[in-house]
Amino acid sequence: MPLSKRIIPCLDVDKGRVVKGVHFTGIDDAGDPVELARRYCDEGADELVFLDITASTEGRNILRDMVRRVARTLNIPFTVGGGIRTLDDARLILCSGADKISVNTAAVTKPSLISTLAERFGQQCVVVAIDAKSQGVRSDYSRVSARSKPQSGYEVFTYGGRKPTGLDAVWWAKRVEELGAGEILLTSIDADGTKDGYNLELTRIVSKNSGLPVIASGGCGSSSDIVDVFRKGMADAALAASIFHYREHTIQEVKEFLRDQGIEVRIR
Amino acid sequence: MYSLKCALERQKAKVRIGKLLPSPEKLDGLVLPGVGSFDAGAASIARNRESINSLRERGVPLLGICLGLQLFFPKSEEGTSKGAGFFNGSVKRLGGPLKVPHMGWNTLRITSESPLLEGVSDGEWVYFVHSYYPVPRDRGIITAEADYGVTFPAAVSAGNIFGTQFHPEKSGVTGAKILERYVELCRR
């Protein structure tokens, strides 16, 4: 039997609080990451991702406390990303009970961080988040540096999608695998927030060219989008935020839909 | 490690994490989570060999999780050190066309009854993260199997020695049930 495809809700947190409103009914505190995590877990989420958007350094301690509280409650794996720049940042999060950490900007600025993290904590803990944007017309390739020859037409961006890096997305995906990453969290900047569906082309070329599991992110607006990203995008996992947060679909409903479409999912 | 401690505490166990076993005569159970590599784990077993042996002889339930289970075997393709050798056989690397590590949710196939998996049915989902799998010489110790390119033992049991290749502390309701069983066995 193949591995089941994973459904991963993503929660944005700032100073230990969930920031994008999550519309659960009968919840006392809609900003409490622990309570939301438990609800998603009970509904059948396969993993959770917490993205910390707190900018300040004192925010790290608040985040650590949040991770500890989540770990005490949750009995499924969870990943924490956002602002992890050093071995010590990663250790703080992993020792507080997270299963994986996700690195993005720091991995591009200092690729050796990926190897260091993998050697120290194991490959399975290290998720590299890649934010990619379409280069549009092919003449734009001139911006992509010579050391990462254009292959895909997608460029890697850092600093929350603001800064172009000149790296080709497929080249970078292969590189992080060599460096010891365990998984890729691939976000299409173009699709993100549109709810028009995942970027299937981007997801497929990265998946095809990488030996690592790929979590597709950005653009999910419906259950059919998730079917497409598994079938056509060849993703191993699908990350979504708003369709779950706004209760458009429960995870259980999405999974039943996937199962009826013949996709292997974990249903209790 | 912290999440395993939390998961056992949810089952009302008192948990201590240590590199050296404190006073083995006071323990009702021992969990080997196996974080890191085979050789590092083997060194840790070697440091505590006497204590572990005394627990084993007293019939205290030992639970090896993932690498912890692999360390019950004498050797592994991952390293050069000697494991505990409670079971005969070896530990091999996953290969073939599938992605390694085997990471994610997979189903169990129950192959024989065991006290640890009591109440767990065929087809229940558990969470795996591993690149190596045990190959016991005595297939009779296998209580559940899973498939990932190869069929491999997902759980083993012999007397008071138990092992799971998956992570019960990350396996939702099914995992919680297994840890509840384990804590129950320790209370006997």
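In chain B of this predicted model, residues 24 or more positions apart account for 68% of the contacts that have a separation of 6 or more. The secondary structure of chain B comes to five helices and ten strands, and its radius of gyration of 15 Å is close to the 16 Å that the globule rule gives for 188 residues, so chain B is as compact as a globular protein of that length.

**Chain B as a whole**

- Taken along the principal axes, the C-alpha atoms of chain B fill a box of roughly 45 × 35 × 30 Å.
- Of the 188 residues in chain B, 44% are buried.

**The open sheet of chain B**

- Strands of a sheet pair through backbone hydrogen bonds, and the pairing can be either parallel or antiparallel.
- In chain B, six strands form an open sheet with mixed pairing, and their order is β1-β2-β10-β9-β8-β5.
- The edges of this sheet are β1 (30-32) and β5 (109-110) of chain B, and because each has a single partner strand, one side of each is left without a neighbour in the sheet.
- Strand β8 (residues 142-148) of chain B runs antiparallel to strand β9 (residues 150-158) of chain B, and six bridges join the two.
- Within this pairing, B:Ala144 has B:Ala155 in β9(B) as its bridge partner, while the bridge partner of B:Ile142 in β9(B) is B:Val156.
- The hairpin of β8(B) and β9(B) has one residue between the strands, and B:Gly149 in this hairpin takes a positive phi near 75 degrees.
- β9(B) also pairs in the antiparallel sense with strand β10 (residues 161-164) of chain B, over four bridges, and here B:Ser157 stands opposite B:Phe162 in β10(B).
- Two residues lie between the strands in the hairpin of β9(B) and β10(B), where B:Gly159 takes a positive phi near 60 degrees.

**Where chain B touches chain A**

- The contact between the chains takes 21 residues from chain B and 21 residues from chain A.
- On the side of chain B that touches chain A, the elements giving two or more residues are α1 (2-10), β4 (102-107), β6 (125-130) and α5 (172-187) of chain B.
- The element that gives the most to this side of chain B is β4(B), with five residues.
- Sorted by class, the side of chain B that touches chain A has eleven nonpolar, six polar and four charged residues.

**A:Ala71, a residue that touches both chains**

- A:Ala71 has its place in helix α2 (residues 59-73) of chain A, and it counts as buried because it has 23 C-beta neighbours inside 10 Å, where 20 or more are needed.
- Leaving out residues up to four places away in sequence, A:Ala71 touches A:Ser96 and A:Gly97 as well as B:Tyr2, B:Ser3 and B:Cys6.
- From C-alpha to C-alpha, A:Ala71 and A:Val227 are 30 Å apart in space, and in sequence they are 156 residues apart.

**Two helices of chain A**

- In helix α5 (residues 112-121) of chain A, the buried residues are A:Leu113, A:Ile114, A:Leu117 and A:Phe121.
- After α5(A) comes A:Gly122, which has a positive phi near 100 degrees.
- The buried residues of helix α6 (residues 169-179) of chain A are A:Ala169, A:Val170, A:Trp171, A:Trp172, A:Ala173 and A:Val176, and just after α6(A), A:Gly180 takes a positive phi of about 115 degrees.

**Nonpolar cores**

- In soluble globular proteins, nonpolar side chains tend to be buried together.
- The largest nonpolar core has 86 residues, of which A:Ile101, A:Val128, A:Ile184 and A:Ala238 touch the most other members.
- A second, separate core of 53 residues includes B:Phe38, B:Leu69, B:Met103 and B:Leu108.

Conventions:
Residues are numbered from 1 along each chain as its sequence is written. Chains are lettered from A and ligands numbered from 1 in the order in which they are written. This is a predicted model: local features need pLDDT of at least 70, side-chain atom pairs count only at pLDDT 80 or more; totals for chains, interfaces and linings use all residues. A residue is buried if 20 or more other C-beta atoms lie within 10 Å of its own, exposed if 12 or fewer, and partly exposed in between; C-beta atoms are placed from the backbone. Two strands pair if DSSP finds at least two bridges between them. Two residues are in contact if their C-beta atoms, placed from the backbone, lie within 7 Å. Ala, Val, Leu, Ile, Met, Phe, Trp, Tyr, Cys and Pro count as nonpolar, Asp, Glu, Lys and Arg as charged, and the others, Gly among them, as polar. A nonpolar core is a set of buried Ala, Val, Leu, Ile, Met, Phe, Trp, Tyr and Cys residues joined through C-beta atoms within 7 Å. The radius of gyration is taken over C-alpha atoms; the globule rule is 2.2 Å times the number of residues to the power 0.38.
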